Amino acid sequence: MNPIEIMVSYWPRMLDGTLMTLKLTILGALIAGAISPWLALVRSHGSLIAQTPIRIYVSFVRGTPILAQLFLVFYGSGQFRPELMELGLWNFFRDPFNCAILVFVLNSTAYQTEIMRGGIQGVNLGEIEAAKAIGMTRMTILRRVIFPHAYRIAWPALSNEIILLMKASALASVVTVFDIMGRTRQIFSKTFDFSIYLWAALIYLAITSLFVFGWHRIERRLNRHILPRNNANAVS
Amino acid sequence: MLELFSYGDTGWGDEILMGLATTMKLAVATLPVGMIIGFLIAFAAMSGIRAVRYVGVGYTTIMRGLPEILTLFVVYNGAGLLLNSLIKWWNPEAEGTDFSPFLAGVIALAMVFGAFAAEVIRGAYNSLDKGQIEAAAAVGMTPQQTFWRIKLPQLWRFALPGIGNLWINMLKDTALVSVIALDDLMRMTKVAVGVTKQPFTFYLVACLIYWVLCVLSEMILSRMERHANRGVRRA
Amino acid sequence: MIPMDPSGPILSAIDIRKSFGDVEVLKGISLDAKKHDVISILGASGSGKSTFLRCLNFLETPTSGKVIIHGDEINVQNGQPKMSVPIEDIRKRLGMVFQQFNLWTHRTVLENVMEGLIHVRKKSRGEARSIAENYIERVGLSQRVDAYPGHLSGGQQQRVAIARALAMEPDAILFDEPTSALDPELVGEVLKVMQSLAEEGRTMIVVTHEMAFAREVSSEVVFLHQGKVLEKGTPDEMFATPKSEEFKRFIASM
């Protein structure tokens, strides 16, 4: 088969795999994105006792292969099957998709926490004092001053993290989730046609490129107050 | 519990240690190859010749955008197919052979490492102080001498933190080779799990071993950084 | 090599021109330095004085012109230098001291001074070491031989840079605004070293803003304005009776 034919016969599976990859990445990144700012707050402003478990968690996640974490959750949960059944959680852990999402969330949360910590610590203290001085509550300061700045600072690093997560999602194929990588390996084992790997590479690169493009547009919007106003002369 | 990890026939301690040895061998073998690829690609990406520059920039862009496991399969299966067709072409009677998973692991991991390293090296190269390079020219050093005596030692200082991170990432990525049947730490753990039916215990131990490796690496790296930065900052 | 007249110049620059794109920053500058000359080059910023100095050891390649050092000639036409010896051979006969010191941050004071001796002058380590120590003592930093540049003050760094240049035993030393990057209280120690070098009879070409140095130490002053030599002469006549309006204004502004 030539490279075109293989795509013609297998495109529905590859499309299905692509959607799965997107689902894993987006869901993982979003859940992690909802948790990490709060952990980052604790990590930068919390007491030492509150910080320590977060530090250990982040260090553990960063110090172990995602594949090992995935096996620990997916296969490891089997060791506690009776207990998990009693808790009604067994059905959750039996499904490789759930395990994969859980691991990706745990993973991305750790990395995003570190990124957001950098963003929060990068916020100009003077602006926070100014907000206090006009009588804002802590919550309002967070919402109106700290987080907007922190996200602007962290934005490029978050983009990298999401791309890393998308790449990591390919590991789900090892525990039989049929993402792009899973479908590719399935098709290769049937056809022994190498070109399917090149198609997979192309799809991954396309996703990355589209993502980077979109992210940049949002970044420009976030930074609109500090971008040079090129059009100022043209308008006047 | 402890006897599960003892050394010898009854425990899995020796198997896991052997797996760890393979993991370390793989990582240590990958590092120099990855660095060489990194330097070649970095210099290609900074080349004055446009076609060469495109190759360098294209390589980093593509390799950094692909999942490591995909690269590994492409190398393992692709090189395997290539090797077999070469053998068939050389001697049609020959048996097909499998491409060495160790070699495939080294090549794939080094290709990934090299792509990221190239970016680190390029960044370090751009942060070199132009004045110090001019000073080398002014005392009469040749461009070669300037490279080896002034640029490279300083490049090292700027690149070390980035390369250190890549080393840790690569150490973790070695776990992927268990998927192509290389008996590394991850795969030996899997074998132990198959026999003992204690997946959580064994995978946790594997995780802890990787963790220790990474934390140790970090400690050594921060010492190396301190050494490389000696005298740079004001006391 | 052309046989040398002992009283003739050891360094000559003839009609040096330099353009960056369409902008001609040097419009034909000539200069002769004889042994023991201390030439101060003055000029407002943008007059091309630093560019001219950098053309002398080809850190900047002139667009056209000729540089003769000890009889070896480099002739540049259309930005293409023609030389009888490698550029490194020319450079090692001209020491240079930079505005930003440019010490190699990964080497100690001693190593900074030894580096060129070992790898350019091809001296043995032992010999290089004793030469280097001698010159470091000369600039008064014997106590700091094992320090890294980052641990020194700006004035100390510049003195090390002078020792580095001296150690190569060059025919002439080029100084590119050696005190401009220093805090005012550190300027004196560097000027003092430079003055003692002048008194020793070293050949020096100094781009500077230090009027007192130009006036008291140099044997010749050259005033550049918009890429041309507008005036030159001994400091006494130059400062006593400035001829051009530009130089008058320049002195007044200092």
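Now, the ground rules. This is a predicted model, where local features need pLDDT of at least 70 and side-chain atom pairs count only at pLDDT 80 or more, while totals for chains, interfaces and linings use all residues. Residues are numbered from 1 along each chain as its sequence is written, chains are lettered from A and ligands numbered from 1 in the order in which they are written, and side-chain values use heavy atoms, with hydrogens and water left out.

Back to Arg107(C). Its side chain meets that of Glu115(C) in a salt bridge at 2.9 Å, N to O; the rule there is a side-chain nitrogen of Lys or Arg within 4 Å of a carboxyl oxygen of Asp or Glu. Glu115(C) is buried as well, at 3% relative accessible area. In chain B, salt bridges that share partners join Arg64(B), Glu119(B) and Arg122(B) into one network.

Another chain C pair is Arg17(C) with Glu24(C), whose closest N and O atoms are 3.4 Å apart. Here Arg17(C) is partly exposed, at 30%, and Glu24(C) is partly exposed too, at 32%.

Helices here are DSSP runs of H or I with at least four residues, strands are runs of E with at least two, and both are numbered from the N terminus. Lys167(A) and Glu68(B) are both buried.

Next, please turn to where chain B touches chain C. Contact means heavy atoms within 4.5 Å, and it takes 25 residues from chain B and 30 residues from chain C. The area buried between them is about 2200 Å², with carbon and sulfur atoms giving 52%; that is the accessible area (1.4 Å probe) that two parts lose on being put together, summed over both.

What holds charges together across this interface? The rule finds 2 salt bridges, and Glu134(B) with Arg54(C) form a salt bridge at 2.4 Å, N to O. On the chain B side, helix H5 (130-138) and helix H6 (143-173) each supply at least two of the residues that touch chain C.

Last stop: backbone angles in chain C. Most residues other than glycine have a negative phi. Phe101(C), though, has a positive phi near 65°. Phe101(C) sits in the loop between strand S7 (94-97) and helix H3 (109-119), and is buried at 9% relative accessibility. Glu177(C) also has a positive phi, about 45°, although it is not a glycine. You'll find Glu177(C) in the loop between strand S8 (172-176) and helix H6 (184-200), and this residue is buried at 10%.

Thanks, everyone, and do have the structure open while we chat.

Definitions and conventions
Buried < 20%, exposed > 50% of the residue type's maximum accessible area, 1.4 Å probe, protein only.
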